[in-house]
Amino acid sequence: MRFTPWWRKAVLTLRVVAGVGWLGSDVLLLALGVAGLSGGVGKDVAYPAMSFVGGALFLPLSAVLIMSVALAACRPWGRRTDRGGKGESGPVGVAEA
């Protein structure tokens, strides 16, 4: 099975957006953890907020794994025909003799 270029770009865009969201949630959890440890915010506020953020975002952002597997499964493996149309199978950037 192969994706059409439109579907491949759409899934890739969703994967990048979800990956950036995952990084953002990690930064938020780090900031809440530091605030809870340093005493800037009470532990009774920071840790329940961390639990809520982790629970609310874990499943939606786990779609990164599903999209990565879908992109890998629909990639035409083997000879690379998307670089110049020659069907080279060697490393990229190696000059031919």
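Predicted model: local features only at pLDDT ≥ 70, side-chain atom pairs only at ≥ 80, totals over all residues.

Let me start with a question: does Trp7 count as buried, partly exposed or exposed, and at what relative accessibility? Trp7 counts as partly exposed, because its relative accessibility is 49%.

Trp7 has an aromatic partner, Trp6. The ring centres of Trp6 and Trp7 lie 5.0 Å apart, and their planes stand at 90 degrees, so this pair is edge-to-face. Trp6 itself is exposed, with a relative accessible area of 59%.

I turn now to the helices. Helix α1 covers residues 5-38 and helix α2 covers residues 43-61; they pack at an angle of about 165 degrees, and their axes are 9 Å apart. An angle over 145 degrees counts as roughly antiparallel, which means that this description applies to α1 and α2. The crossing of α1 past α2 is left-handed.

Which residues make this contact? On the α1 side they include Ala18, Trp22, Leu29, Leu32 and Gly33. On the α2 side, among them are Lys43, Ala46, Met50, Val53 and Phe58. Sorted by class, the contact between α1 and α2 comprises 14 nonpolar residues, five polar and one charged.

Leaving aside residues up to four places away in sequence, Met50 touches Leu29, Leu32 and Gly33. Met50 and Leu29 are separated by 21 residues in sequence, and their C-alpha atoms are 5.9 Å apart in space. With a relative accessible area of 23%, Met50 is partly exposed; the cut-off for buried is under 20%.

Finally, I return to the aromatic residues. How many aromatic pairs does the structure hold? There are two. Beside Trp6 and Trp7, there is the pair formed by Trp22 and Phe58, whose ring centres are 6.0 Å apart. Their planes make an angle of 55 degrees, so this pair is tilted. Trp22 sits in helix α1 and Phe58 in helix α2, 36 residues apart, and the pair thus links distant parts of the chain. Trp22 counts as partly exposed at 31% relative accessibility, and Phe58 also counts as partly exposed, at 48%.

To conclude, α1 and α2 are roughly antiparallel, and Trp22 and Phe58 form an aromatic pair between these helices. Thank you for your attention.

Key
Residues numbered from 1 in each chain as written. Heavy atoms only, no water. Axes fitted to C-alpha atoms, helices over the stretch in contact; angles between N-to-C directions. Helix = DSSP H or I, 4+ residues; strand = E, 2+ residues; numbered from the N terminus. Parallel < 35°, antiparallel > 145°, perpendicular 65-115°, else oblique. Left-handed = near helix turned anticlockwise from the far one by under 90°. Contact = heavy atoms within 4.5 Å. Nonpolar A, V, L, I, M, F, W, Y, C, P; charged D, E, K, R; others polar. Phe/Tyr/Trp six-rings, centres within 6.5 Å; stacked < 30°, edge-to-face > 60°. Buried < 20%, exposed > 50% of the residue type's maximum accessible area, 1.4 Å probe, protein only.
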